[in-house]
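Keep the viewer open while you read.

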Amino acid sequence: MPLSVVIGAGGTGIATATLLAESGHEVRLVTRSGSGPEHPRIERVTADAADAGRLIELTSGADTLFNCAAPPYHRWRKEFPPLAKSLLTTAEATGAGYVMLGNIYAYGPVDRPMTEDMPLAPSSAKGRIRAEMWEDALDAHRAGRVRVTEVRASDFIGNGAQSVFTLTAAPKVLAGKQAMVPAALDLPHSWTATGDAARALVAVSRDERAWGQVWHVPTNQAVSVRELATRLASLAAAPVPKLRSLPAWLLKTAGLTSPMIRELPEMQYQFRRPFILDSSLTEHTFDLKPTPLDEILLENTQPTR
């Protein structure tokens, strides 16, 4: 049976490992904590993926290396570059195909739906980190040192998702309490399911057309924070949502005492203007469709698993 190595046990990492295992792969799931789902084909390994020597040992013999990991927001500058370097070094040393889970920070502020052919123009430190990760990997691919592809997602919803909506809006909506959301409430915004990201990662890993390219995760039509919250409340039989848009000045004030919140203002452009992901290329190329929005939101009415 083929061996796949998955880095990270967040919502998408768990879903990716599970999909691979259920399709007959042996899966080595690598995290610092050794966490992950219990499955007879999933081996949970405690290791630091930024340690290239150890990661090469764990990836030797694997067909594919999937990176679904990201450091906490406030540690991106320090921890993401060495993690990315270790993963790329490992893929080159072992010959494993390298499949990256990315996001759309590197496009920067845009005034139209985002497509895979858009130039990278990051306006944030986190966007520049994401752009450099992809450009370094693509350079290695073009030099023949590795096979690489990147699957980019918008803000996550669904099982295990951590995003502005799932962290600031969903818990309050389900509890019938007022939610203060650091976003405009009535602008269209794309929301990607963790499960759809996993399906896209697995699909591109099995298709020769994917290598050396960027692909957007199949994602439903953009909806506003208010519409998303209203649909979540209806599905959960919760009261009509009480939402307030958190002012930018108040977000900055909160950041004075919270390193995590301090990282949010530079990404506010995504939530103060229409932010729309076009995933038609991936959908048509790999015959993938996004999970219906209500089905995804139902996952957020259940305990995280």
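Predicted model: local features only at pLDDT ≥ 70, side-chain atom pairs only at ≥ 80, totals over all residues.

Asp-196 pairs up with Arg-199 in a salt bridge, where the closest N and O atoms sit 2.8 Å apart. Arg-199, for its part, is partly exposed at 37% relative accessible area.

How far apart are Asp-196 and Arg-199 in helix H6? They are three residues apart in that helix (residues 194–205), so about one helical turn separates them.

In total, the structure holds 17 salt bridges. The general idea is simple: side chains of opposite charge can pair when their charged atoms come close. Take Glu-150 and Arg-152, whose closest N and O atoms are 2.6 Å apart in a salt bridge. Are these residues buried or exposed? Glu-150 is buried at 2% relative accessible area, and Arg-152 is buried too, at 3%. Both values fall under the 20% cut-off for calling a residue buried.

Then there's the salt bridge between the side chains of Arg-231 and Asp-294, at 3.1 Å from N to O. Arg-231 belongs to helix H7 and Asp-294 to helix H11, so this pair ties together parts that are 63 residues apart in sequence. Arg-231 is partly exposed at 28% relative accessibility, and Asp-294 is partly exposed as well, with 32%.

Some charges link up in a network: Arg-32, Asp-48, Arg-75 and Glu-79 are connected that way by salt bridges.

With a relative accessible area of 46%, Asp-139 is partly exposed.

Most residues other than glycine have a negative phi. Which way does phi go at Ala-237? Ala-237 has a positive value, near 55°. You'll find Ala-237 in the loop between helix H7 (225–235) and strand E11 (242–245), and at 71% relative accessibility it counts as exposed.

Asp-287 is not a glycine either, yet its phi is positive at about 55°. Asp-287 lies in the loop between helix H10 (280–286) and helix H11 (293–299). With 65% relative accessibility, Asp-287 counts as exposed.

Note on methods
Residues numbered from 1 in each chain as written. Heavy atoms only, no water. Buried < 20%, exposed > 50% of the residue type's maximum accessible area, 1.4 Å probe, protein only. Helix = DSSP H or I, 4+ residues; strand = E, 2+ residues; numbered from the N terminus. Salt bridge = Lys/Arg side-chain N within 4 Å of Asp/Glu carboxyl O.
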